[in-house]
Amino acid sequence: MGDSIMAKVKIQGNASGTGVLTVTAPNTSTDRTITLPDATGTLLNSDGDGSSLTGVADATKLPLAGGTMTGDLVVSADVDITGSLNGTSGSLDIKNEANNQNVFIKTTSAGSEVTALKIHSGGVLELPSGGLRVGGTAAANTLDDYEEGNHSSSWTTGNSGSITMGRNSMAYVKVGKVVTITGEFDVGSVSSPIGGLRVSLPFAIASHTSERNMSFVTRAGMYHIPHHEDNPPLFIGHGGTSIIEGIYERDDNSFLDYNPQAGETIWLCFSYFTDS
Amino acid sequence: MALTKETVVDKIEVLEMGQVQVRTATRVKEDGTVLSSSFHRHVVVPSTKKGDTWGDTDISGEDARVQAVATATWTDSVKTAYRAMVDANSL
């Protein structure tokens, strides 16, 4: 064909046949090149003796190893990475550009996929399980729960009689193992109370882990405050129970049971530990 | 656009000494999508003391699943252990 310019060159097998078209290198020690007839690019080069052909590097294509991609990578299926996803210059952004969609970071546990972290489109950061470990690697360094809610407290006597409440709702916030409650409570009526006041709590008080280290006492604010020996009532909580008890301190004596009277209003706000 | 409200016991936790912590969720939904939810908590204990006398806790007003969990959990040994713990911690 010489150097004449051809309009087209087409090598094509019969679609229904089984034959193989073979391009055989000429008997020469020089490199062989197959060049597109219109000289738009070189496809393959021989590598020495001509037994095999390799692709010619194309600056617009990313090689299997190394190279720098300068544009976005769009993949319609999973990207499996056995190494790390590294940022080497500037920030490393992981973002979901789809509107109102979330970002998930998942792991595999016992063969099952587990959502370790979910970032909602509105910005909420969700740790479905496990928690946030701060300042160490022990369970004691792990913040694993947050919850806010309400508790309809029951007000009873320690033995007999009855208490009828007006307002009895207490709000709670639980952060880790610490529960904080708050509320204002109205005593409607009291009938023949025997035994000290018991007020239920939203969570059980933690069991002691050393001596009586989960016990606590708190003082309420009261309207029509009662006194005994000039002492206002206190509320005491014991490890493992789910109530606080009303008591009076006495001069050089044991505690005395406290029971409310109709018309009293009691404000409580305190924190305690729970096991869960 | 149908708004619905539902109340369900969505968490039942059994603690070491047999206390059962119950969380009740109230959810407001629009066409099945939760618009808001709130929690209510209470605790049911294995045994109840009146004066100096221990007795079984009345759980007849509890959710059926709470009753099932409590009944399965509160063996005689669990009740005994709970009573002993409370008595040991009392004044």
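Predicted model: local features only at pLDDT ≥ 70, side-chain atom pairs only at ≥ 80, totals over all residues.
1. Now for the interface as a whole. On the chain A side, 27 residues are in contact with 22 residues of chain B. Together the chains bury about 1900 Å², and carbon and sulfur atoms account for 48% of that area. Of the area that chain A buries against chain B, 21% is supplied by Glu147(A), Arg212(A) and His238(A), more than any other three residues give.

2. Polar contacts are worth a look too: 15 residue pairs make them across the interface of chain A and chain B, with both residues at pLDDT 80 or more. Strands E9 (146-152) and E10 (155-157) of chain A each give two or more residues to the side that touches chain B. E9(A) provides the largest share, six residues. By type, this side of chain A has 17 polar, seven nonpolar and three charged residues.

3. Within chain A, do visit the open sheet of three strands, ordered E4-E5-E6 with antiparallel pairing. Strands E4 (103-109) and E6 (125-126) of chain A each have a single partner strand, so one side of each is left without a neighbour in the sheet. Seven bridges join E4(A) to E5 (residues 112-119) of chain A. As a landmark, Val103(A) has Ile119(A) in E5(A) as its bridge partner.

Key
Residues numbered from 1 in each chain as written. Chains lettered and ligands numbered in written order. Heavy atoms only, no water. Contact = heavy atoms within 4.5 Å. Buried area = accessible area lost by both parts, 1.4 Å probe. Polar contact = N/O pair within 3.5 Å; in protein donor to acceptor, adjacent residues only side chain to side chain. Helix = DSSP H or I, 4+ residues; strand = E, 2+ residues; numbered from the N terminus. Nonpolar A, V, L, I, M, F, W, Y, C, P; charged D, E, K, R; others polar. Pairing = 2+ DSSP bridges.
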